[in-house]
Structure formats: C-alpha cells, structure tokens
Amino acid sequence: NAIAWHCFTFSKEPAPASVKAAPYADVIAQLAAPSVINHMMPASYDGQDPEFLIIWVLFHSPKKQITSSDSAEEFLARVDIEVDSPYPTPVIKSISLQARAGIARIHAPKDLQTVHLFASMASSTKQHLPLKNAGNIDVYLDIKIPDQENHFSVDPENLFLKPGEEHEVIVSFTPKNPRAYEERILKIFVQPFGPQYEVVLKGEVVSSGNKPLIPGSCCSDIPSILSNKQFLAWGGVPLGRTQLQKLALRNNCTSTTQHLRLLIRGQDQDCFQLQHTFGSEERLTSNCEIRIDPKEDSNIFVLFAPTRLSCMLAKLEIKQLGMRSQPAIKFTIPLSGYGGTSHLILEDVKKFSDSYMLTVTDLIPGKESRIVFSVHNTGSRAAFVKAVGFKDSQKKVLLDPKVLRIFPDKFVLKEKTQQDVTIIYNPSDRNSNYKTATELSTICLFGGDEISRQQYRRALLHKPGVIEQIFPENSVLQIIDFAEAFQDELLVTEVYDLPQQPNDVQLFYGNLRKIILSVIGEFRDPISNRGFFQPSSRDSLESKSDTGSSGKHGGSASLDVLPVKGPQGFPLLSQAVPPPQDKSSSEEMWAVQPEHLVLVAPSPRDLAKTGCFQILNNSVRLLKFELYWPAHCLTVTPQHGFITRESKLQILVSPNSSLSTKHSIFPWSGLIYIHCDNGQKKIVKVQIREDLTQEDLFPHVASNPFGILSRITEPSVSHLNLVKLQVSYHRIT
C-alpha cells in the first residue's frame, strides 16, 4: 500500500504496560516511533557468542472511521535489512509485513450482562457465557476476574475468536465461607490495546434447605425439559438440497408451562434453520419461541441446507424464559453434517429401473471367462465401493471365490472419476439339466461417501463390538468388512473434521447404498461345439443369413449396429429356447396370445399392414410390462405400461415402411421380448415375408416350435444380436 509504511514503526522496547490501560485515542500518540532504526553491532570473535538484537515492529492503523459492517483493511509493507554505508550495498534480508485494521467488538447475550449464581457451601454452580466476535478482525481475549481471593473462576482465561465465531466461557461460583453475598467484575480485554468489556458477577450463598427454585424445576432433581435426541447428525446432503430432522421436547413438569427460546448458533449457523408453523404458514428462521404445557411434547424440526463442500457444525440452544430474577437454564444440542455426496452408476452394462444386468458369453466348463464393466462416480465427493458376489438373487449365500472373482473388489473412487472392474468366472462341470442361458450370480456393490466410511472406521476403534449389536447373526452385513484398507483410499484428501457421535456406525449403515448387478452366463452349445449365442460388438443389432443363402441376403449388412428399441434395460432370459407355453392361461399370472406373428412385407405402393398380439393379466393385481424388439424392422406400440387386473391389452406390431426397398432381407425373423414386473419373461416370434398372407402361413407356424416357416425355396437363418446376445434359429428337419 502507498501509505502502509507510515503505519509500521520500530522500537527496541516492547509497548509499555501502561499503554494497555490508556484510551485508544491516546495510544496512537504514544506509538510515535521511527520507521528507520540504526544499530551498531560489534564483531564476534572465536569462542564468543554473537550479539542478538530484538527489534519490535509496531503497527497503528490510520485515523479514519471504520464500521463493523465494512471489511477489514489490509496493510502490506516490507522491512529491509542492510549495511549502513555511504555507498550502495545489497539488501541482506527482507521481511514482509502484513496487518489488518478493523473493528474489534465482542457481543454477549443481554440477559447475561449480569450473572447471578446461587450455591450452597461445598458445592459449585456454573453459568455458560457465550462470547461472539461481532467485529471484522481476529481478536485475542484476556478474560480475568481481578481479585484472586474471590469465589468466582472463569475458564478459559484466554480466547481467540475469528470474525463471526462464537465460543462459550464457563463462570463458576464456589463459595468457601458462609458469607451471604459476593459481587465481582469479569473483565474481557481485547489484546493488545482494548477495548475492554465487563460482566457483573453476583454470587449468593444459600443453605440447601433454602435454595431458590430454578424456573420450571418443580422442586425435582429431574430436568424439567427432556429431549429424545442428544444431537442431530445428518451425514451427507447434496448441495442445493435440504434434509429435515425432528426432535421432540417434553415438559416434564406437572404444573408449570415452559416458555422456551430456540436459537441456532455456531460457525455454520447459516446452513441450519428451524422450521415452524406460524398460523397456516410454515417459516424457516434461525430462532423462535415456543410454549409447552405440563407433560406435553413439542416437535422441533431442523432443516440442513448445505451451501458448500465442507463439514458444517452448529448448535441448537434451548433456553428457558420467564423468571428474570433467576438464572436461565440453557440446553445445547449439537448439529453436524457435510455438504456434497457421491453418486455411483454402472457403465457398459444393461440398466433396469432398479438394477443392472451383465452377460458373460461363450462359457466353457473349467475355463476362465472375463468381462469388464465400469463404476463411475458422478457425485461431488469421493466414494467407496465394496463388491460382493452372491449365489442367487436372494443375496443370502456368498459365492465361492474360486468360481467368481471380482478385481478390484474394494476401492475408493474420487469425484468425477471411474474405475474398471473385471469379473473372472470359472464355471464348474455342467450338470445335465443346465440351461443354455442361466443366471450365474448376483453382485452387490455397496457404496457411499468415503468421509462416512472414515467416521465409521473411527467409531469401530472405540466400539469394536457395536456391529453385532446392530445386526442379527445371520445378516450378511456382519461379515462384510468396511473398515479394512481400500484401494486408492490414500489418494483422497477430503477433510473430515466432524465430531465423533455415538450413532456414527448406525449413520454409516443408514446411508449405505446398494447397486444390484445380475450376471447372466451363456454356455457353448455342446452339440455344435459353438456358442448358441455368438458375441458381437456392444449394443448393436445384426441380421445375417446362413451360408447357403449368403448371396441372396447380402444386402442385410446395412442394418448392422442399429439399436434395440424399447425402454432402457434388457429382460433376463431364463433360457435360450423357451419351452412351449401352457395353453391354459388361467394357470398363469399372465400370458401372451398368439405366440407367433407373420407380417406381410410392405410395398412402395401400399402401407404396411399391422398385426397384433395380446397380453392377458390373469392375476388380481396391476401388472407392469416392458417390451424390447429390433427397431430397424418393427414398430411396436405401446412400448410399456400397465394392465389392470383380470384384463388384457392389445399390442400392435407392424413392419417398418423403410423395408419396402430392402427385398433382399426377406424372409426375416425376429423376437419381441415381454418383461413383466413379477420377474417372468415371454417371447413373441415375428416373421416378415413377401407374397404370403398370415392365413396362408399360420398352419406352418403352429407346427414349428421355433417359429421358422418352411417354404419351397431354401429357408434362411436369421440371427438377432441384443447387447452381446445373438440368437440363432435353425430349420427343424
């Protein structure tokens, strides 16, 4: 600053103690000192200690009006140390100086300007006195009671407060003689030159039988105000969102109505608010007053709305009001939480509304197969991931690691990053009743915020047996170790300075998220020694012809890499070739009629003709369904929806008009998959042909369980590839 160097002066002596007691205006005059100082230092000889010189640098702010609402003013300067010589010499050393000028102001509650304490002999009474830095610069406080022989004490006696920060000091009254009354002054001095504040302390010695009633105590040692929670801990809340918690206060007195004032204080009090009803309107405030009738409860709602990626602390003060002549009783409930959360999604897998699916193709018994998917953290905080394999969808029996391995199975993922996970499957010898496609296992990926796991780990150090108290013996969560070292956990630099709470372990499990990944295996066809399903490029749909008709159907290559139409996800096939459906639909919860459709190929002159099938809901509840089909050849409507109980819904199917110029692909065969919410799947086989009507072809359809129609010319073999699944249909001879 241009004028900063005028504000810094040197002195070979510290500021005299008498200056501290001088008025602030007089201090400026007493600080007049040079900004240049000379000193002769003798040479040091061998065996002699060198001479040291201590120089005091004093700062006094310029004389101008400053208010606490203004920001503090920064002053920067530099001290250069050089040899005093008539000739130019280089600077030996430079030292930077920085000072801030502002307002030092301390606030305390108005009703505690005078503290009145009562105690009997050989006992002690305490009063919490909150002090807040209402200025705009840091302050160092000396808190003293001048007379050392008094019965009052204060703790702490020294305090540092940043602007806006609040801290409590405890004033204690411990009478040592039966004198009836004592009065002292508590002095709060802002270092180094003031201002100084004073609080009047009054202490009165009473006998145990004549001890005055505390407001609302109802002549009982039981606290008159009870709370169902000792603290409120939120864990993580995404930025821009809010989360509400409730606590209940009870007036334990039998005859006195309690008048309470609720106030949120602390370093992050702007992130916590009280929600209360004023008339018919709900309001958010930092303080409110309530009344609780005897033996009644009152619900208090506290809202946490984080505004930044950090840990946030505050406290809810509950203070009794009413009898001004007696000391108020104050209760404090700590509030804690942190802003920002992690969010995990899986990539390179098929997504359902509530889970994911992954297919391992071309399995051979006794031979390892590998497949890779990705875990992506799209949140704003680091996440931990623990992957556990189970034998089935019930998620009760762990899978043998010799059969299925996951690498890595535990890791920490920083925000906006992803991790590839490899599944290694080694199938044992197949039983004779194995289906071509079968569900291998269910992988559960447990995840959450890494900051929460660190709190969980800290809590287990103090309570190692708490997990057994939370979960029953047969719970899988008892045997999953979340406190062990995770891959890349040391790369996370997030600060977690939340205080330890008794429910940290419960809070961890309450915020634990679970992602379900169903792993489907496809074994090779043992007869043809090739996979019933052939792998192909990811997320593509491929139509091919067999070797005998490759020349006729060579034009179908233009239909490659087209997406499958339908809602996100893919139905879990319980087997490659579905068994014949039971013709009695009443014996099933739902059925499809007919199971085969033959459509006439569209022509350039005529619109495509529409076929249909029906989904029958034989159950007594609402049935949800989703359809999946090859979009490059078929149009299906509706794609998904609900079927009311004991009713049916018609699904319209028509060939796309774009097929009118692609005669080389006919005859074409494909599948429509119906996936219902009860876990069952069904298939409708569709064929598009030229020159024939449905009536001409229906007898052939009924006699062929695979839905491939015979004609005089050599039939074609159509392949359907749905997300690494290729279905082949062959003529039955």
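Analyst: What follows is a set of questions on a predicted model, each settled by setting a value against its cut-off.

User: What makes up the fold, in helices and strands?

Analyst: The protein has seven helices and 46 strands. Of its 733 residues, 43% count as buried. The accessible surface is about 39,200 Å², and carbon and sulfur atoms account for 52% of that. Among contacts between residues at least 6 apart in sequence, 73% join residues at least 24 apart.

User: How many of the residues reach a pLDDT of 70 or more?

Analyst: 74% of the residues do, and the mean pLDDT of the protein is 75. Where pLDDT is low, the predicted coordinates should not be read in detail.

User: Why is Ile-92 called exposed?

Analyst: The cut-off for exposed is over 50% relative accessible area. Ile-92 has 57%, so the label exposed applies. Ile-92 sits in the loop between strand E3 (73-81) and strand E4 (93-101). Together with Ile-81, Val-83 and Ile-95, Ile-92 makes a nonpolar surface patch of about 350 Å².

User: How do you know that Arg-78 and Asp-80 form a salt bridge?

Analyst: The rule asks for a Lys or Arg side-chain nitrogen within 4 Å of a carboxyl oxygen of Asp or Glu. For Arg-78 and Asp-80, the closest N and O atoms are 2.8 Å apart, so the pair qualifies. Arg-78 has a relative accessible area of 56% and counts as exposed. Asp-80 has 35% and counts as partly exposed.

User: What does the pair of Arg-250 and Asp-297 tie together?

Analyst: Their closest N and O atoms are 2.7 Å apart, and they form a salt bridge. Arg-250 lies in strand E16 (residues 243-251) and Asp-297 in strand E21 (residues 297-304), so the pair ties together parts that are 47 residues apart in sequence.

User: Why is Arg-250 called partly exposed?

Analyst: Partly exposed covers the range between buried, under 20%, and exposed, over 50%. Arg-250 has a relative accessible area of 40%, so it falls in that range. Asp-297 has 41%, so the label is also partly exposed.

User: What makes Asp-409 and Lys-410 a salt bridge?

Analyst: Their closest N and O atoms are 3.7 Å apart. The limit is 4 Å, so the pair counts. Asp-409 has a relative accessibility of 26% and is partly exposed. Lys-410 has 22%; buried means under 20%, so Lys-410 is partly exposed.

User: How many salt bridges does this rule give?

Analyst: The count comes to 19 salt bridges. There is also a network of salt bridges that links Glu-166, Glu-168, Arg-265, Lys-315 and Glu-317.

User: What makes strand E44 largely enclosed?

Analyst: Strand E44 covers residues 681-689. Eight of its nine residues are buried, so the rest of the structure largely encloses it. Strand E37 (residues 596-600) pairs with E44 in the parallel sense, over five bridges. In that pairing, His-596 stands opposite Lys-685 and Leu-597 stands opposite Val-686. E37 is mostly covered too, with four of its five residues buried.

User: How do you know that strand E43 pairs with E44?

Analyst: Two strands pair if there are at least two bridges between them. Strand E43 (residues 668-676) and E44 are joined by eight, so they pair, and they run antiparallel. One of the contacts sets Ser-669 against its bridge partner Gln-687 in E44.

User: Why do strands E5 and E9 stand at the edges of their sheet?

Analyst: The open sheet has four strands in the order E5-E7-E11-E9, with antiparallel pairing. Strand E5 (106-107) and strand E9 (152-155) each have a single partner strand, so one side of each is left without a neighbour in the sheet. E9 pairs with strand E11 (residues 166-173) over four bridges. There, Phe-152 stands opposite Phe-173 in E11.

Notes
Residues are numbered from 1 along each chain as its sequence is written. This is a predicted model: local features need pLDDT of at least 70, side-chain atom pairs count only at pLDDT 80 or more; totals for chains, interfaces and linings use all residues. Side-chain values use heavy atoms; hydrogens and water are left out. Helices (H or I, at least four residues) and strands (E, at least two) are DSSP runs, numbered from the N terminus. Buried means under 20% relative accessible area, exposed over 50%, partly exposed in between (1.4 Å probe, protein chains only). Contact means heavy atoms within 4.5 Å. Accessible areas come from the Shrake-Rupley method with a 1.4 Å probe; for residues, only the protein chains shown count as cover. pLDDT is the predictor's confidence in each residue, from 0 to 100. Patches are made of residues with over 30% relative accessible area and no salt bridge: like charges are joined within 9 Å, nonpolar side chains (Val, Leu, Ile, Met, Phe, Trp, Tyr) within 5 Å.
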